[in-house]
Amino acid sequence: MTWEPEQNGACYAVTAQDLSKRYGRRTALDRFTVHIPFGCIAGVLGPNGSGKSTFFRTLAGLVRPDAGEVRVLGETPGWQAMRRIAYLPDRARWYAGHRVEDALRWAARLWPGFARDVAEELLVRMDLEPAMDVSGMSRGEEARLMLALCLARQVPLYILDEPFTGIDILSRERILSALIEMASRREMTVLLSTHEIGEVEGVLDYAVFVRGGRVVLAGAAEDIRADQGSMVDVYRRLFAERGRRHDGPDVR
């Protein structure tokens, strides 16, 4: 493996130390620090505007932080690292006028590690047909298409930003089932942000709670539940008082 081990001997897929990023007067990341183990499904959880998407775009090499350090699979984010990352941005769209079949051909041509057979299997799970026209799809159908294309890449790291937006509950269950099956078959790390915390809690191995551009709690999901209760309860306690300041991160 080319990603770097940390001082405690664990292998981390993502390390971020004191990341900061501002957009004008708005602070998106404020000394954001986290170490996410390799081989887990990790939830990055927090209210809208808490910095989750900026963190994901930084990992994908699309945003350069103003300060701090970040490593993804042992590399600095950029084009080379992106060959081993499948990134699904929030509100991802495919090109209007294309069919699902066209999307499969383009993905196979452009994206390293794209497995056509895996994509076709995922399309069946998500009730999509190759002949479907993207222009006539519902928002949920298009979201399922983009997620299927992303998950069909054979890479060690998946970054999914709000992958369930516009997707009905039955489709979400199928997607989570596919994630669990994929994770059981090969070594991979999944980072996902979502507001459907109750639905994903059972698949999370690791959780990162984010507020105001900072990590306020991070650790193994099992340990957090043992100490503080369900992820939903933890989320409510952490974010019930909007705008409340936090003295510092509680990293487990």
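Author: Glu75 is partly exposed, at a relative accessible area of 22% (buried is under 20%, exposed over 50%, partly exposed in between, with a 1.4 Å probe and protein chains only). Keep in mind that this is a predicted model, where local features need pLDDT of at least 70, side-chain atom pairs need pLDDT 80 or more, and totals for chains, interfaces and linings use all residues. Numbering runs from 1 along each chain as its sequence is written, and side-chain values use heavy atoms, without hydrogens or water.

Glu75 pairs up with Arg84: their side chains form a salt bridge at 2.7 Å, N to O. The cut-off here is a side-chain nitrogen of Lys or Arg within 4 Å of a carboxyl oxygen of Asp or Glu.

Glu75 also turns up in the story of Arg153. Arg153 is buried but has no salt bridge, and its nearest side chain of opposite charge is Glu75, 11 Å away (Lys and Arg count as positive, Asp and Glu as negative; His and chain ends are skipped). What Arg153 does have is a side-chain polar atom 2.8 Å from the backbone oxygen of Ile85. Leaving out residues up to four places away in sequence, Arg153 touches several others, including Trp111, Phe114, Tyr158 and Arg186 (contact is heavy atoms within 4.5 Å).

Helices (H or I, at least four residues) and strands (E, at least two) are DSSP runs numbered from the N terminus. H5 is mostly covered, with 11 of its 13 residues buried. Among the elements covering those buried residues are strand E5 (85-88), helix H3 (100-110) and E6.

Back to the salt bridges: the structure has 14 of them. One joins Asp66 and Lys21 at 3.7 Å, N to O. Asp66 is in the loop between helix H1 (52-59) and strand E4 (67-72) and Lys21 is in strand E1 (residues 12-23), so this pair ties together parts 45 residues apart in sequence. Asp66 is partly exposed at 49% relative accessibility, while Lys21 is buried at 14%.

Another salt bridge puts Arg172 and Glu196 together at 3.9 Å, N to O. That pair links distant parts of the chain, with Arg172 in helix H6 and Glu196 in the loop between strand E7 (189-193) and helix H7 (197-200), 24 residues apart. Arg172 is buried at 11% relative accessibility, and Glu196 is partly exposed at 30%.

Definitions and conventions
Polar contact = N/O pair within 3.5 Å; in protein donor to acceptor, adjacent residues only side chain to side chain.
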